[in-house]
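Keep the model open in your viewer and follow the stops below in order, making each selection before reading on.

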Amino acid sequence: MTVTTLRSPLPSLYSDTKIHNRKSVTATQFYQRRLKIPLHACYSNTNSKNNKKFQAIDLQELIRDSTCEFDSKDSTASLPRPLTSDQLSNLTSEGSRLRVAYQGVRGAYSEFAAEKAYPNCEPVPCEQFDTAFEAVEKWLVDRAVLPIENSLGGSIHRNYDLLLRHRLHIVGEVKLAIRHYLLANHGVLVEDLKRVLSHPQALSQCESTLTGLGLVREAVDDTAGAAKHVAFHKLKDAGAVASKIAASIYGLNILAEDIQDDSDNVTRFLMLAREPIIPGIDKPFKTSIVFSLEEGPGMLFKALAVFAMRNVNLTKIESRPLQKQTLPTLDDGTNGFPKYFPYLFYVDFEASMADQRAQNALGHLKEFATFLRVLGSYPADTGLP
């Protein structure tokens, strides 16, 4: 979305925002020096007058756990250094043999995204999104590539929640054009089908076609897993919505192709790593953050205005309920229900954290946000899906 530019009555919050000898600065040091935000880029406004009532136990643990864990002076010299954006591009172009986790089984769209993000990588299938996050954290794989939003089905809320729960950093994004196929065992016709299996997002993206066929929809963990299930159990009354490659892998017949409701069906995937990259200004960058605010009139407007007044364009805003939150004080007239539910706001904007405008915007937001984390500042995928 494009935000209307406002004139700022405030001077720049930081006068020393010029970056000197950027190549000698690690990503961790960059965030600590520029925004005074510790490793994993967390911030909590403990001076808020409503802080005791607002802060959740889960959020307190998150902030406490986000203190710096790696010291450049200790014995962790063997740990890999944070990548610069240039190094990340080189890894992609050279096709270094990285182990990249994705959710699903062979033939999943996430596997295609992993191979597009890191050509010649070794894709590592994971049963659940949580498993992929944990695989990176435990050094079982080098990266993870996971979906975050689709142009038809919307956001993958589970991964928004996991971004906050885990300590990984967004180091890139990749967009993938999605083409859905209706698959079934050989000898099965469309009129024989009573139900269809697939991931909930895939089912929602093919809503019109599946409704027209009168099929009962059954949600499973992933599209390729649906194809595998139909083939393994030799189902005669069920089909699967999956990719063309999944049909080839599991020996299924294609009954219909391009069954998505809109041909412009694109999924955006995030590339996740244990360490952030050093943001640059030599190419288009995007930055993703998450923050929370106190309840009150105009608080969200105030938060978004810090970007508008600096002419920083927002590309996405997503709100998610703050889970396991201690409920606020109830009003007498609410019949036992809370007056409001606390929310987290996930925002993507078009600017690198090496950009003074982004630094000043987040410095301004930090003054009144009750919680702030930089999830990553990374090269934007500006190519065709």
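A residue counts as buried when its relative accessible area is under 20%. By that cut-off, 51% of the 385 residues of the protein are buried in this predicted model.

**The whole chain**

Begin with a cartoon view of everything, in which there are 13 helices and 16 strands. Among contacts in the protein with a separation of 6 or more, 79% are accounted for by residues 24 or more positions apart.

Next, colour by confidence: the mean pLDDT of the protein is 79, and 70% of its residues reach 70 or more. Select residues 1-25, where the pLDDT is below 50 and where the stretch has 54 contacts in the model beyond near neighbours in sequence. Then select residues 36-83, another stretch with pLDDT below 50, for which the model has 91 contacts beyond near neighbours in sequence.

**Helix 6 and helix 7**

Select residues 129-137, which form helix 6, together with residues 157-165, which form helix 7; their axes come within 10 Å and cross at roughly 30 degrees. Helix 6 is therefore roughly parallel to helix 7, and the crossing of the two is right-handed. To see the contact itself, show the side chains of Phe129, Asp130 and Phe133 on helix 6, and of Arg158, Asn159, Leu162, Leu163 and Arg165 on helix 7. Sorted by class, the residues of this contact comprise four nonpolar, one polar and three charged.

Is Ser151 buried, partly exposed or exposed? Its relative accessibility is 46%, so Ser151 counts as partly exposed. Leaving aside residues up to four places away in sequence, Ser151 touches Asp264, Asn265 and Val266.

**Arg268 in strand 12**

Continue to Arg268, which has its place in strand 12, residues 266-273. With a relative accessible area of 6%, Arg268 is buried. Which residues does Arg268 touch, not counting those up to four places away in sequence? They are Leu146, Pro147, Ile148, Glu149, Glu173, Val174, Lys175, Lys286, Ser288, Lys316, Asp348 and Tyr378. For a further distance, pick the C-alpha atoms of Arg268 and Val145, which are separated by 10.0 Å while the residues are 123 apart along the chain.

**Helix 12 and what covers it**

Select helix 12 (residues 299-308) and helix 13 (residues 356-366), whose axes come within 8 Å and cross at roughly 160 degrees. Helix 12 is therefore roughly antiparallel to helix 13, and helix 12 passes helix 13 in a right-handed crossing. On the side of helix 12 the contact is made by Ala303, Val306 and Phe307, and on the side of helix 13 by Ala361, Leu362, His364 and Leu365. These contact residues divide into six nonpolar, one polar and no charged.

Staying with helix 12, highlight Met299, Ala303, Ala305, Val306, Phe307 and Ala308, which are buried. What covers the buried residues of helix 12? The cover includes strand 13 (285-292), strand 14, strand 15 (343-349) and helix 13.

**Two loop residues with positive phi**

Most residues other than glycine have a negative phi. With that in mind, select Asn311, which is in the loop between helix 12 and strand 14 (314-321); the phi of Asn311 is near 60 degrees, a positive value in a residue other than glycine. Go then to Lys234, in the loop between helix 10 (223-232) and strand 10 (238-242), where phi is again positive, at about 50 degrees, although Lys234 is not a glycine. Lys234 has 61% relative accessibility and therefore counts as exposed.

**Last stop: Val374**

Finish at Val374, which lies in strand 16, residues 371-379. Val374 is buried, with a relative accessible area of 3%. Its C-alpha atom is 9.8 Å from that of Val347, and Val374 and Val347 are 27 residues apart in sequence.

Technical notes: Residues numbered from 1 in each chain as written. Predicted model: local features only at pLDDT ≥ 70, side-chain atom pairs only at ≥ 80, totals over all residues. Heavy atoms only, no water. pLDDT = per-residue confidence, 0-100. Contact = heavy atoms within 4.5 Å. Axes fitted to C-alpha atoms, helices over the stretch in contact; angles between N-to-C directions. Helix = DSSP H or I, 4+ residues; strand = E, 2+ residues; numbered from the N terminus. Parallel < 35°, antiparallel > 145°, perpendicular 65-115°, else oblique. Left-handed = near helix turned anticlockwise from the far one by under 90°. Nonpolar A, V, L, I, M, F, W, Y, C, P; charged D, E, K, R; others polar. Buried < 20%, exposed > 50% of the residue type's maximum accessible area, 1.4 Å probe, protein only.
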